[in-house]
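Let's walk through this protein together, one part at a time. Keep the sequence and the 3D view side by side as you read.

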Amino acid sequence: MSQGYAIELYFDPALENQVLKAWNVLARRQISTQLIEIESRPHITLFSSPFIDPSKFENIVKNFASKQEALAISFSSIGSLPSDNNVLFLAPTPSMSLLQFHSQLCDAMRKEGVEMGEEYRPGSWIPYCPVAEEVPKSRMAEAFTVLRDLKLPVTGYAMDIGLVEYSPVRELFSFMLGNTFEA
């Protein structure tokens, strides 16, 4: 049963592997295995909604991706969201190019009549890459310590953008940034 949909930004293999390393260390320590269990992929969520028409989003995302280039990403800090499901994340340096990328996607969606929740609007959106979910409160300090042992910053590129249905995560489609050819 679907709980929602998300447009996600995906990384080059080297950067993706750095994020997976954090997931695996936290899983080996039995702190959090949630992202592995739901079959997620390292990402930054650009938009999420419980109700969308995936077929409408395919053209929006495809056209948007064709006009973009690979985007430099530098994860420079770790953080936690003020929510009940105890999410820990790697935070990208909020570069002008990342913020413009997100803003342009929002503009493209708005032009197609897509309503955007407050948390994903430019000026409110907090870019992050989850590395742990549902961390027991009693293990949050340990999880932060584990993540601090990562050699930050880790850098790479965002290469693809896709739409997923969750949970578990099921990719509906994805497109390479700058790719004007049919997949």
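Asp107 has a relative accessibility of 32%, so Asp107 counts as partly exposed. That label covers the range between buried, which means under 20% relative accessible area, and exposed, which means over 50%, using a 1.4 Å probe and protein chains only. This is a predicted model, in which local features need pLDDT of at least 70 and side-chain atom pairs count only at pLDDT 80 or more, while totals for chains, interfaces and linings use all residues. Residues are numbered from 1 along each chain as its sequence is written, and side-chain values use heavy atoms, with hydrogens and water left out.

Which residue does Asp107 meet in a salt bridge? The partner is Arg110, at 2.4 Å from N to O. A salt bridge here is a side-chain nitrogen of Lys or Arg within 4 Å of a carboxyl oxygen of Asp or Glu. Side chains of opposite charge can pair when their charged atoms come close. Both Arg110 and Asp107 sit in helix H4 (residues 96–111), three residues apart, which is about one turn of the helix. Helices are DSSP runs of H or I with at least four residues, strands are runs of E with at least two, and both are numbered from the N terminus. Arg110 is partly exposed too, with 46% relative accessibility.

How many salt bridges does a search of the whole structure find? The search finds six. One of them joins Glu16 and Arg41, whose closest N and O atoms are 3.1 Å apart. Glu16 belongs to helix H1, and Arg41 to the loop between helix H2 (34–37) and strand S2 (44–49), so this pair ties together parts that are 25 residues apart in sequence. Is Glu16 buried or exposed? Its relative accessibility is 16%, so Glu16 counts as buried, whereas Arg41, at 27%, is partly exposed. These two residues are also linked with Glu171 in a network of salt bridges.

Another salt bridge brings together the side chains of Glu118 and Arg121, at 2.8 Å from N to O. Glu118 is partly exposed at 48% relative accessibility, and Arg121 is partly exposed at 34%.

Now return to helix H1, which spans residues 13–28. Its axis comes within 10 Å of the axis of helix H5 (residues 140–148), and the two cross at roughly 140 degrees. Axes are lines fitted to C-alpha atoms, for helices over the stretch in contact, and angles run from 0 to 180 degrees between N-to-C directions. H1 and H5 are therefore oblique to each other; angles under 35 degrees count as roughly parallel, over 145 as roughly antiparallel, 65 to 115 as roughly perpendicular and the rest as oblique. Ala22, Val25 and Leu26 of H1 make the contact with Ala143, Val146 and Leu147 of H5, where contact means heavy atoms within 4.5 Å.

Finally, look at two strands. Ser80 lies in strand S3 (residues 71–80) and is partly exposed, with a relative accessible area of 31%. Leaving aside neighbours within four places in sequence, Ser80 is in contact with Val87, Leu88, Phe89, Met140 and Phe144. The C-alpha atoms of Ser80 and Glu69, eleven residues apart along the chain, are separated by 29 Å. Glu165 has its place in strand S6 (residues 154–166) and is buried, with a relative accessible area of 15%.
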